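Colleague: Please pick one part of this complex and go through it closely. I would like to see how it is packed and paired, and then how it sits in the rest of the assembly.

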Amino acid sequence: MKNYNLDETYIINPQKESALSAKQVTVSYGTNHVIHAADLNFPRYKITSLIGASGSGKSTYLRCFNRMNDKIATVGGQIMYRDTDINNPKINVYELRRHIGMVFQRPNPFAKSIRENLTFALKKNGMTDKDELEMRLETSLKGVALWDEVKDKLDQSALALSGGQAQRLCIARSIAMQPDILLLDEPASALDPISTAKLEETLKTLSDQFSIIIVTHNMQQASRISNYTAFLHMGHVIEYDETENVFTNPHVRATEDYISGNFG
Amino acid sequence: MNPKRSNQIATGTIFGLVVIVVLILIGLIGYILFNGVPNISWHFITAEAQAFSAGGGIRDQLFNSLYLLILTLLISFPIALGAGIYLSEYASDNWITNVIRTMIEVLSSLPSVVVGLFGYLLFVIKFGFGFSILAGAIALTFFNLPLLTRQIEESLRTVPNLQREAGMSLGLSSWKTVTGIILPAALPGIITGIILCAGRVFGEAAALIYTAGQSAPVVDYLNFNPLSPTSFLNPMRPAETLAVHIWKLNTEGVTPDAHQISSGASAVLIIVILIFNLGARALGSYTYRKMTATK
């Protein structure tokens, strides 16, 4: 692998209302530091992509934003969400995760009916009103364009859905909680091209109501759907800019090599 | 030797080994059923056992076995479930957990006679339970617990981690994730574990000889007060089980038809275990379908 100067970075600060802003975030497993002082400001109601090679730390970085690294790694620094540092050990992480939802690489519907998949967490969080549960169910499924496909089989098992449908169900499950921010960790990597296209369409529509941060391996995907793109390399944020600029006019050598396939 | 040939030989050998296992099983079960079933009659199942004359039945022994099984599961299942959930979901991977696991393994390889003698000394003598169903059930719990705990832990572990992350990402606590998502998904495995243990408990004799005793006192099946000494539900009465009865008939049985009775009782034992297995399996897949809504 080529050696790049990891101190050579180009990071803009979008002059927009911020959804989330990470300051000096570090992640370490024991003495092994995997993320080094990454600063990023994620604008509200936009899609931001995190790109980078395998092992660049983009997933680990993403998982900091709803504290999914808690039991695995030590996270340092500040992550500001609505004037609260959500990296503070004292905050209520369960409450936080209802504001910042996450969708994973492989579709992971619960072994329950489609209806239960959507309403289970809502009910456990104390929502009892049947009408409201039904409304959330319908709006969430419509939000991911799954309603027409499943409205007649809401009481059947979610395990019978295809991969693409299951992944959209998982997104619906997250947005049923009415979060502010959606984190997606390579949500399309287990899907075929047609399902991927549908998913991307869904995400674009959702960005009207949610701020989305997506980790992706697929650079075309990043350029198709995201407004901003961050390129990570060896745990450092190398470049962060509007997507168009990153792909047409990168400022840093490493980014240029990566997006032109000339990397490593 | 070419790969095709060696593959044929390997497949043949494996197939042969499977045939041996199946033949032994079918031979054993067939022998017991062939010798036993002709001795089974309605009278045999519903009559009291006779000490000296022919024509006795196994009513009380059969009931005692079932009652003891239920009591044992009532005691051991909650404990095993708690321990299984702890080991699979909460325990961190450190030396204390390893010590606990090793101890569970040691406990599971403990001979049942030793468990029985321990139960005899502690519960029957020291705590003054006397020979009783309760002492038997506690001894069987010791005997049962390691296997059941292990089985529940393993079933919980086979539920993919993605399910836990999904629950957490929706703001659910670990406890709500475990009880609402992981346990239902692990249910078929847990039920298989209970079946395996139930079979062991139902057929166990050595641990019971010293704890539940070898006598089946006359009890009143219409007396539903568990505190009454003559009630069939009284857990403090001695209770000879089917397996102990078989052992006793073959060692010190003096009735002229001891052989027929022990053959019949063995067949009943096997049939009950088979019914129990199939029933629990059906129940397990039914509840799983209900909970997961799979067709």
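Modeller: A residue is called buried if 20 or more other C-beta atoms lie within 10 Å of its own, and exposed if 12 or fewer do. The model is a predicted one. By this criterion, 37% of the 295 residues of chain B are buried, and in chain A buried residues make up 48% of 264.

The part I have picked is strand β10 of chain A, which covers residues 228–233. Burial in β10(A) extends to six of its six residues.

Apart from its neighbours within four places in sequence, the contacts of A:Tyr228 are A:Pro14, A:Pro43, A:Lys46, A:Thr48, A:Tyr240, A:Glu242 and A:Thr243. A:Val246 is 18 residues away from A:Tyr228 in sequence, with a C-alpha to C-alpha distance of 8.4 Å.

Next, the pairing. β10(A) runs parallel to strand β4 (residues 47–51) of chain A, with four bridges between them. One of the bridge pairs links A:Ile51 to A:Phe231. β10(A) is also joined by six bridges to strand β11 (residues 236–242) of chain A, and these two strands run antiparallel. Here A:Thr229 has A:Asp241 as its bridge partner. β10(A) and β11(A) form a hairpin with two residues between the strands, in which A:Met234 has a positive phi near 50°.

Elsewhere in chain A there is an open sheet of four antiparallel strands, in the order β3-β2-β5-β6. Its edge strands are β3 (32–43) and β6 (84–85), each of which pairs on one side only. Within this sheet, β2 (residues 18–29) and β5 (residues 74–81) of chain A run antiparallel and share six bridges. A:Ser21 has A:Met80 in β5(A) as its bridge partner.

For chain A as a whole, the count is ten helices and eleven strands. Its radius of gyration is 19 Å against the 18 Å that the globule rule gives for 264 residues, so chain A is as compact as a globular protein of that length. The C-alpha trace of chain A spans about 55 × 45 × 35 Å along its principal axes. Of the contacts in chain A with a separation of 6 or more, 70% are between residues 24 or more positions apart. β10(A), at residues 228–233, falls inside the span 20–259 of chain A, where UniProt, in an unreviewed entry, places the feature "domain: ABC transporter". That span is 38% helix and 27% strand, and its end C-alpha atoms are 26 Å apart.

Chain B has eleven helices and zero strands. Its C-alpha trace spans about 70 × 60 × 40 Å along the principal axes. In chain B, residues 24 or more positions apart make up 75% of the contacts with a separation of 6 or more. An unreviewed UniProt entry places "domain: ABC transmembrane type-1" at residues 62–280 of chain B.

Where the chains meet, 25 residues of chain A are in contact with 19 residues of chain B. On the chain A side, α2 (93–99), β7 (100–103) and α3 (114–124) each supply at least two residues. α2(A) gives the most, with four. This side of chain A consists of ten nonpolar, seven polar and eight charged residues.

As for confidence, the complex has an ipTM of 0.85 and a pTM of 0.83 from the predictor. Chain B has a mean pLDDT of 88, with 98% of its residues at 70 or more. Among the elements of chain B, the mean pLDDT is highest for helix α1 (residues 3–36), at 94, and lowest for helix α11 (residues 258–292), at 84.

Key: Residues numbered from 1 in each chain as written. Chains lettered and ligands numbered in written order. Predicted model: local features only at pLDDT ≥ 70, side-chain atom pairs only at ≥ 80, totals over all residues. UniProt positions renumbered as here; feature names shortened; annotations may be inferred. Contact = placed C-beta atoms within 7 Å. Nonpolar A, V, L, I, M, F, W, Y, C, P; charged D, E, K, R; others polar. Pairing = 2+ DSSP bridges. Rg over C-alpha atoms; globule rule 2.2 N^0.38 Å. pLDDT = per-residue confidence, 0-100.
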